[in-house]
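Please look at the sequence and the structure below, and keep both at hand while reading the report.

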Amino acid sequence: MASSPEVAEEAEQGPEAPAGGAVRRGKRAAPAAAAPQPAKLSRAELYKPPTSEELTQLKETEDLFHSSLLRLQIEELLKEVTLKEKKKKKIDAFLHEINSLLRAIPETPETELTDQAWLSKDVKVPFLQVPFNVKGKFRFVPPAELKVVGSYLLGTCIRPEINVDIAVTMPREIFQDKDNLNQRYHRKRALYLSHIAQHLSKEKLFGSVKFAYMNSNHLKPILLLRPQGKDEKIVTVRLHACPYSDLFKPSRFFPTKNNVRTAWFMEQSTPKEGATEPPTPHYNNSILCDTVMLSHLHFLSNAATDFPGMKDGLALLKVWLNQRQLSKGLGCFSGFLVSMLVAYLLMKRKIVKMMSGYQVLRSTLQFLATTDLSVTGISLAKDADPSVPVLDDFHQAFEVVFVDPSGLVNLCADMTASKYHQVQFEAKRSMEILDDRMVDGFQVLLMTQKPMLRTFDHVFHLKHVSKLQSTCKKMQLLNELMDQGGNYVAAALPFIVSLLARGLSQRAQLVAHSLPQVPEWPIDAEPPKHKDVGPLTFGLLFVPEFAASMLEKGPQADHPEALEFRTFWGEKSELRRFQDGSICEAVVWEASTACQKRLIPEQIIRHLLKLHADIPESSICYTGALLESVIRTGKEAGGTGEEAMVSVVCSYDDLSRKLWNLKELPLTVTAVQGVHPALRYTDVFPPIPMKPIYSFHNRSKHFLLPSGEKPCPAYITPLRIICHMEGSGQWPQDKGAIKRIKAAFHLQLAELLRQQHQLVCRPAVTHTDVYKDGYVFRLQVAYHREPLILKEVVTPEGMWKYQDTEESRQLELETLHLPYLTSSLHGLQQLHPVFGSTSRLAKRWISAQLLSDSISEECVDLLVAFLFLHPAPFTPPSSPQVGFLRFLNLLATFDWKNNPLIVNLNTGLTDSDCTEIKKKFIAARTHLPVMFLATPKDQWSSMWTRERPSAQILQRLVLLASESLRALEEQLMDPLGNQDVKMVFRPPLDFYDVLIHLNPNQIPRLLENVDRPVKSVSRGMVKNSSAMNILFPVVDYDPVQLYLHELRNAFDDLALFFYDKHGGEVIAVLWKPLGFQPQHFKVSSMRGRKVTTLNNELVCVPNVEAILEDFEILGEGLVKSVEARTEKWTI
């Protein structure tokens, strides 16, 4: 199957070229093969009707792929992951050498199994020999047969990891009669591999010789061989020792049979009388697997003959499984398993040999999505064979059932039901994505990784796996332990997962676990113990409606199920009387704030694992909400501000009702629309009701002023509200006159609110501030025709025409677009309760990186909205932390240069609209903002990103996001580390040229800092929402922002200024390289510069010392010190 690149490679090498001329010809042919030239076709050929094959392809593209692009993408991906011919030749040569080496290994004399002195000291047996004593004899005899099995021969192995499996058949003479009992077979297998390892390790051919467990199963060690030198990464050859297929009698290994004796396992001298031996299905299955390796190969190669689509389909399925972390570890959904599944679908005629790779992918996902193998197993065996066990026997013994063609082996023996349900869930989600024309299915399904941290809403770790030993005792899992060869992780895991799934049945739609994985190890090291799998990770995917429910209602007290409920929940269960009169068992969880309610699952998990599994709380590291601490409000570890936001919105609703019903206004109020982020639940630190302490302020007539001697008053944010007045012929048509009328309305509104509702108001020309419930609302009157009037311009010829002006754009933004955006996002918050908190985390991070002035709040809100409206391949986030991690990932990985980000608010855009936006975007790319956001009401102009971010800032954001994501994921996945997640909220300052340190007393929002000050000063405000007749407080007064404004006005041409507006104590300055280039002396451009001579010419250069002094003079009282960090300005 040489595809064009391989043909090109062969042409370049000119493979079997006898003479020089032939080689030269081959070389000359290469460019033609590498860069295809357009073929010149005659007219008849050009207009020839399509062949039947071309027609089929066209039909398939239209029906299946939604677009020809998807077909091309898939073809390109397949080229990328398939093994090239050149590499195959190298691998084949390596295999031939291994073959001859294996046959030359010398025999050893026969010894007892327990006498392992004949082994070299440099090799440790790759098997945990517990208990050590076992009967039987062993000697090494060279392999009877060597066969390559698995995906390499079938041509279905995919890059980057190429594994070639070799079945090394052990001769009959090394086995005795009862080798099926008590791990004798497994130990012989391990000794056999040890002897091979000892000899191969001396050979120069190998770069490394190591042991590993097959799919992390402790009973199944294998030997890994890699070639020497630069080819080491090409391939890993895995040696599997296996017996002849007819060595053992199959009936000994039925799932109901026992092959591990309790007395031997417990090291008792005599078995207990009358005790029946428990079945050991997993142990039996592990021996049977070895006997059927070759028959599986034949079975799969029969399925793959004349079926090119199978190879492509399997490559796609393997990529799909790899991206979801499902294909490695104990009980994984391996590539072999998926190959057998495709063969099963072929056998059942769900797939036919005519199908393409994409159709195989779809059919397999469809089957997985609709079939639950943990309830109804499937079998590849021919029907009605009385000599093999029935499916029910397998269901008794295993959680997931898929029986191989022999009818004896369960291919899913190690898989937990939970892992299969995760595969099933992923398949369902993938089918929805493939059928959705609005989503780029290829990118989302096959190119996007789904690590646990970004997939699940909450993640927690079991830090010390060794604690599962006490779980096995508590749950009485001795039989399972014997069956798993003492592996307490594999024995306890299914029980723990089903315990959690039952406890969270209402709240979680999926409880998944990571697959225990044991890394490979050198042959001279002891084999890894069971605890070496490292921490186990569990992921929870919530049902948003019930996840935070405080009540777990049980059966009625007199029902028989009540006892079971009480046993399950322990002392937490109590009798309660409900409003309908029923008396039921119930569990009530303590939680007062939204943030605590989100963590109720943590309480449940800790309680159940302690009660039923004997796992102490100290062994559980719950990382579901570690990041939320950065948006905590106030000192007390209360909530994360959701409640504060709700009370702001309630107060706003009440004010808008009062405005609607105002009497004596000349024109009625037609609409009241909030535009402040707090009114769409995305204000990082929502306003808190405040009342000023007079002694901290200087008084004016009716309002207060900040005092010079005292610390700066706490920051009170004005909540902007747009008040639309009805249209009328009385409105003037002149822009100056409209502004005066609006000012009169501001005065009138203040007067009427004071008279009719006793509210304290302070009118101004452009707005009226209203003090209500401890908040300050800023009313701004709007007239719907004003933007149109501002667009009027008179041409030099005296003609009137309408065109966008800066003023009209700004007004439209404030009075039309911003209110619409606020109400749309307010609606999104009602659908997804964690939208607001996610957006707040995102803004807090951007601000902490000192970039909040370089990107608008609305832009961040839209980016976060995108994650909720277009979550594929994930589900919409149900916790702020997972939303924030996906936000960082979106920033870091989205292709801003070549794609618009389409945020489909209120599903206002159709499929064709999106295509149109993309087309226009590509056509006009050079004139558009670097970050282009399209929404239904703003398809072409990307108004929220028109001015900012600049290309450099976006580049910096992308870099910071990818670094922060990497650091955070490392910390959250390492439960044994310190998990200081605030690290990504502390910006690196060494990159700036000058740091201006500020006086903390004059920073009004100091308490919003990421690392809050231990001692805080009083800011002349008390929390109070009932104050009525008070002097008007100081509003929107932040000295640092005023200082920044002055700095930017004065030094904009020389420097950029960065600041964290949430209580940052440093302003970072970056010099502009252009400002430091020497300029010709001009009197007009001498600001901040000094004259010097360069090459006998008078030039102006920045006077850095004076500028630094100006920084201090401008910020007198606010600036503590100015620190110059680098010498970049020496010319």
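## Basis of the model

This is a predicted model, in which local features need pLDDT of at least 70 and side-chain atom pairs count only at pLDDT 80 or more, while totals for chains, interfaces and linings use all residues. Residues are numbered from 1 along each chain as its sequence is written, and side-chain values use heavy atoms, with hydrogens and water left out.

## Two nonpolar cores

A nonpolar core is a set of buried Ala, Val, Leu, Ile, Met, Phe, Trp, Tyr and Cys residues joined through side-chain atoms within 4.5 Å, where buried means under 20% relative accessible area (1.4 Å probe, protein chains only). The largest such core has 170 residues, and the members that touch the most others are Leu-223, Leu-239 and Phe-402. A second, separate core of 73 residues includes Leu-813, Leu-818, Leu-968 and Val-984.

## A lysine in a loop

Lys-450 lies in the loop that runs between α17 (441-446) and α18 (452-455), helices here being DSSP runs of H or I with at least four residues, numbered from the N terminus. With a relative accessible area of 5%, Lys-450 is buried. Leaving out residues up to four places away in sequence, Lys-450 touches Gln-323, Arg-324, Gln-325, Glu-426, Thr-455, Pro-873 and Phe-874, contact meaning heavy atoms within 4.5 Å.

## A helix pair

Helix α11 (residues 293-304) and helix α13 (residues 335-347) have axes that come within 10 Å and cross at roughly 55 degrees; the axes are lines fitted to C-alpha atoms over the stretch in contact, and angles run from 0 to 180 degrees between N-to-C directions.

Methods
Buried means under 20% relative accessible area, exposed over 50%, partly exposed in between (1.4 Å probe, protein chains only). Helices (H or I, at least four residues) and strands (E, at least two) are DSSP runs, numbered from the N terminus.
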